Structure formats: structure tokens, C-alpha cells
Amino acid sequence: MAATRYFARLKANAAPIELLVEQLEGGRYAVTLNGKRHEIDALMLPHGAVSMLVDGESHAVEFEEHKDVVAVLIDNQVNQIDIVDERRSRLREATKAFTAEGKQIITAPMPGKVVKVLVKLGDEVKEGQGLVVVEAMKMENELKSPKAGKVVELVAKEGTAVENGAKLAAVE
């Protein structure tokens with residue numbers, strides 16, 4: 001079977017680490033990291049952890065996934081790893097050149113209620129930083145900044161009802 005290429009980052013701005021993952025017979029895998037091949041045999045345990053033999057050395061590992069980020073607990077240490085396949089990595093590279101320009105308006109994606117305002121007028125925010133949390137259909141939706149900049153308008157107030165498309169904030 002052909003190897004699948006992944007890219008992992010341990011820190012947000014770190015250079016990606018290339019991983020080649022190949023499925024072997026019997027549920028085993030070969031992972032090539034920094035040019036060195038490792039054989040892995042994994043067994044799912046009843047409580048959600050994974051028992052792994054990596055090059056013959058045993059490890060108990062737990063994973064918690066959230067989109068492209070995986071929290072990995074191994075040897076009593078948690079690491080946040082941003083991991084994507086080759087296709088997703090290329091897509092990220094292609095779209096990072098297309099950053100939002102000018103004033104960006106953040107609107108309610110559907111009718112709901114503002115349950116939390118995470119910023120104040122005049123705050124400097126990063127791209128992807130949460131601005132407002134709107135509850136709709138019994139789910140909380142964190143609306144994030146489409147760009148790095150300054151909060152120049154803040155219409156959202158906690159506890160207020162909002163209509164679909166209602167202006168909540170603006171970042172410039």
C-alpha cells in the first residue's frame with residue numbers, strides 16, 4: 001500500500017514536520033519521520049486510550065481531536081499537534097495569500113441569542129480569534145475574526161436576540 005503524506009506542527013508558527021504513514025499487514029503501521037522509519041502496532045483500549053508499540057517500546061496514548069488539532073497525551077505529557085494531509089496542506093498554502101482586506105463585518109449566521117461577547121471595542125485581535133458567541137438551535141457558535149486587526153464596531157450585547165445577518169461586530 002502507498003504511503004500517505006502528512007504534515008504536523010507542534011507550535012503555531014513552527015516549520016511543518018513531514019510524516020509518511022504506510023499501513024502494513026495485521027493492523028500495523030510504518031511511520032517515516034525525519035527520514036527514520038518506525039514500526040507501530042496499536043491496540044484500542046476499552047476506555048478510549050491506545051496501547052502502542054513503537055519500535056518495540058510500549059506507550060499508553062490518548063487522543064482528543066478538534067478539527068486539524070490533536071491533543072496527544074503520551075508519557076504524562078500533553079502536546080497540541082496541528083496535523084493535516086498533503087492535500088489540506090497545499091490548500092492552506094494556496095489560500096493563505098488570500099487574506100481579508102479592509103473592514104470586515106461579522107454577522108449572525110442565523111437567528112439566535114448573543115450569549116457571550118469575547119472582546120471590547122478597540123481590542124486588537126488575531127485572525128481566527130473568537131469575537132462573539134451566538135446560541136442558535138441549542139448550539140453555541142463562536143464567530144471568529146476573519147483577519148488580524150482592531151475591533152472598530154461592537155454591536156453585539158450579551159443576552160440580546162439577533163436576526164439572521166444582523167451585524168455583530170466589525171474588524172479593520
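Predicted model: local features only at pLDDT ≥ 70, side-chain atom pairs only at ≥ 80, totals over all residues.

## A contact between two side chains

The side chains of histidine 38 and aspartate 55 are joined by a polar contact of 2.6 Å. Histidine 38 belongs to strand β4, whereas aspartate 55 is placed in the loop between β5 and β6.

Histidine 38 has a relative accessible area of 16% and therefore counts as buried, since the cut-off for that class is under 20%. Aspartate 55, at a relative accessible area of 44%, is partly exposed. Apart from neighbours within four places in sequence, the residues in contact with histidine 38 are Tyr29, Ala30, Val31, Leu33, Val54 and Asp55.

Aspartate 55 is not a glycine, yet its phi is positive, at about 50°. A positive phi is also found at asparagine 34, again not a glycine, where the value is about 55°.

Asparagine 34 sits in the loop that runs between β3 and β4. With a relative accessible area of 68%, asparagine 34 is exposed, because the cut-off for exposed residues is over 50%.

## The largest pocket

Rolling a probe the size of a water molecule over the atoms shows where empty space is left. In this model the largest pocket holds about 1400 Å³ of space. Its lining is made up of 33 residues, and those that lie nearest the centre are Leu19, Ile40, Met52, Phe63 and Ile83. Two or more lining residues come from each of these elements: β1 (4-9), β2 (17-23), β3 (28-33), β4 (36-44), β5 (50-54), β6 (57-66), β7 (69-74) and β8 (77-85).

What classes of residue make up the lining of the largest pocket? There are 25 nonpolar residues, together with 4 polar and 4 charged ones.

Strands of a sheet pair through backbone hydrogen bonds, either parallel or antiparallel.

The partner of β11 is strand β14 (residues 149-154), and the two pair in the antiparallel sense over 2 bridges. Glutamate 124 has lysine 150 of β14 as its bridge partner. Strand β14 also pairs with strand β16 (residues 167-171), in the antiparallel sense and over 3 bridges. In that pairing, valine 151 has valine 171 of β16 as its bridge partner.

## A buried glycine

Glycine 130 is part of strand β12, which covers residues 130-136. Is glycine 130 buried or exposed? Its relative accessibility is 12%, so glycine 130 counts as buried.

Glycine 130 and leucine 118 are 12 residues apart along the chain, and a distance of 6.5 Å separates their C-alpha atoms. Leucine 118 is also one of the residues that glycine 130 touches.

Note on methods. Residues numbered from 1 in each chain as written. Heavy atoms only, no water. 1 Å grid on protein atoms, 1.4 Å probe; cavity = no way out; pocket = protein on both sides within 12 Å on 5 of 7 lines; lining within 4 Å. Points joined across faces, edges and corners; volume = space filled by probe spheres on them. Helix = DSSP H or I, 4+ residues; strand = E, 2+ residues; numbered from the N terminus. Nonpolar A, V, L, I, M, F, W, Y, C, P; charged D, E, K, R; others polar. Buried < 20%, exposed > 50% of the residue type's maximum accessible area, 1.4 Å probe, protein only. Pairing = 2+ DSSP bridges. Polar contact = N/O pair within 3.5 Å; in protein donor to acceptor, adjacent residues only side chain to side chain. Contact = heavy atoms within 4.5 Å.
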